[in-house]
Amino acid sequence: MRLRPRPRADTATGPVPDRPAAAAGLHIRLGGKEILRGVDLDVRAGEVLGLVGPNGAGKSTLLAALSGDLEPDDGDALLWDRPIGEWTPLDVARRRAVLPQAHHVSFPFTVREVVEMGRAPWAGTDRADHDEDRIADALARTESEPFTARPFTSLSGGEQARVMLARVIAQDAGLVLLDEPTAALDLRHQELVGRLCRDLAAEGRAVVIVVHDLDLAAAYADRTALLAEGRIAACGEPADVFTADRLGEIYRQPVRVEPDPDTGAPRVTPLRRIC
């Protein structure tokens, strides 16, 4: 297990607890179908947790429940050791930041204005004194500085994804929830997101990332939770979770798993038959 420092004591809401979020017996039903079936999961400060699994496994639904955007039918989604529904929307926004899959900005706000929206929870507080520094830092960390003054709607899909990630970083929350943040990105910026997740965790934040790239999850996550049919099939260090037999069964695709020669992290290769 990669070692992390203890949670830092200077986040905007004070110390990040050891377990800033959790799912406890979580059930969610959508459209008459049970999407999550009794999920138990701890989210830990100072750690990157990767949510992986096939399409329809419940990854995004679990992330939405942890963020407070979906109310459980049974069980609890906990934030700072309390059911998330007990917090006010402002309290939630000051503790967790969310990057959804879709990026909808209807008006031609500039990139800077979009990133500045991440500072909204701190308006009228002494934390607003840090707005300029937080915005500049977020733009730099996502390599979005070159188009700061451009309208958001003029950017490519990958550029928009980086700007929305910058908005999340600027929010300065102790819990960071990212839903497929690498989906629209090129190779360089996929790796940038992985390193950025590690950096945020090293600051004492808790980072949860939904990702389809198993190699990326193995390289940058401390733990991975593998979901299948609304349940967690396995959770632990990637080397323990990513076995060829388990992945082959859950994804219904034979794979080979072997250590990366440079990092030692597991690498997953589909076994292909090309005629």
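Analyst: A definition comes first: a residue is buried under 20% relative accessible area, exposed over 50%, and partly exposed in between. The model discussed here is a predicted one.

User: Why is Asp74 called partly exposed?

Analyst: The relative accessibility of Asp74 is 36%.

User: What makes the contact of Asp74 with Arg29 a salt bridge?

Analyst: The cut-off is 4 Å between a side-chain nitrogen of Lys or Arg and a carboxyl oxygen of Asp or Glu. For Asp74 and Arg29 the N to O distance is 3.2 Å, so the pair meets the definition of a salt bridge. In general, side chains of opposite charge can pair when their charged atoms come close.

User: How do you know that Arg112 and Glu116 form a salt bridge, and where do they lie?

Analyst: Their N to O distance is 3.0 Å; the definition asks for within 4 Å, so the pair qualifies. Both residues are in helix α3 (residues 111-116), four residues apart, which is about one turn of the helix. Arg112 is partly exposed at 22% relative accessible area, and Glu116 is partly exposed at 35%.

User: What makes Glu258 and Arg256 a salt bridge?

Analyst: The closest N and O atoms of Glu258 and Arg256 are 3.6 Å apart, and the limit is 4 Å, so this pair also counts. Glu258 has a relative accessibility of 36% and Arg256 a relative accessible area of 39%; each is partly exposed. The structure holds 22 salt bridges. Among the residues involved, Arg127, Arg134, Asp137, Arg141, Asp172, Glu203 and Arg205 are linked in a network.

User: Is Thr182 buried or exposed, and how do you know?

Analyst: The relative accessible area of Thr182 is 9%. The cut-off for buried is under 20%, so Thr182 is buried. Thr182 sits in the loop between β7 (175-179) and α6 (187-202). With neighbours within four places in sequence set aside, Thr182 is in contact with Gln190, Val193, Val211 and Leu216.

User: Why is Cys235 called partly exposed, and what does it touch?

Analyst: The value for Cys235 is 37%, which falls between the limits of 20% and 50%, so the label is partly exposed. Cys235 lies in strand β10 (residues 231-236). Not counting residues up to four places away in sequence, Cys235 touches Leu41, Arg223, Thr224, Ala225 and Val241. Cys235 and Leu49 are 186 residues apart in sequence, and their C-alpha atoms are 9.6 Å apart in space.

User: What makes the lining of the largest cavity mostly nonpolar or mostly charged?

Analyst: The lining consists of Val48, Gly194, Cys197, Ile209, Val211, Leu216, Ala217, Tyr220 and Ala221. The elements giving two or more residues to this lining are α6 and α7 (214-220), and α7 supplies the largest share, three residues. By the definition, Gly counts as polar, whereas Ala, Val, Leu, Ile, Tyr and Cys count as nonpolar. The division is therefore eight nonpolar, one polar and no charged. The volume of this cavity is about 60 Å³, and the structure holds three cavities of 30 Å³ or more.

User: How does the lining of the second largest cavity divide?

Analyst: Arg134, Asp137, Arg141, Ile169, Ala170, Asp172 and Arg205 line that cavity. Asp and Arg count as charged, and Ile and Ala as nonpolar, so the division is two nonpolar, no polar and five charged. Its volume is about 40 Å³. The largest share of the lining, three residues, comes from α4.

User: Why are β2 and β5 said to stand at the edges of their sheet?

Analyst: The open sheet has four strands in the order β2-β1-β4-β5, with antiparallel pairing. β2 (33-43) and β5 (82-83) each have a single partner strand, so one side of each is left without a neighbour in the sheet.

User: What makes β1 and β2 a pair?

Analyst: Pairing requires at least two bridges between strands. Eight bridges join the antiparallel strands β1 and β2, so the two count as paired. Within this pairing, the bridge partner of Arg29 in β2 is Glu34.

Conventions
Residues are numbered from 1 along each chain as its sequence is written. This is a predicted model: local features need pLDDT of at least 70, side-chain atom pairs count only at pLDDT 80 or more; totals for chains, interfaces and linings use all residues. Side-chain values use heavy atoms; hydrogens and water are left out. Buried means under 20% relative accessible area, exposed over 50%, partly exposed in between (1.4 Å probe, protein chains only). Contact means heavy atoms within 4.5 Å. On a 1 Å grid over the protein atoms alone, a cavity is a set of points where a 1.4 Å probe fits but cannot get out, and a pocket is an open set with protein on both sides within 12 Å along at least five of seven lines; lining residues have an atom within 4 Å of a point. Grid points are joined across faces, edges and corners, and a volume is the space filled by probe spheres set on the points.
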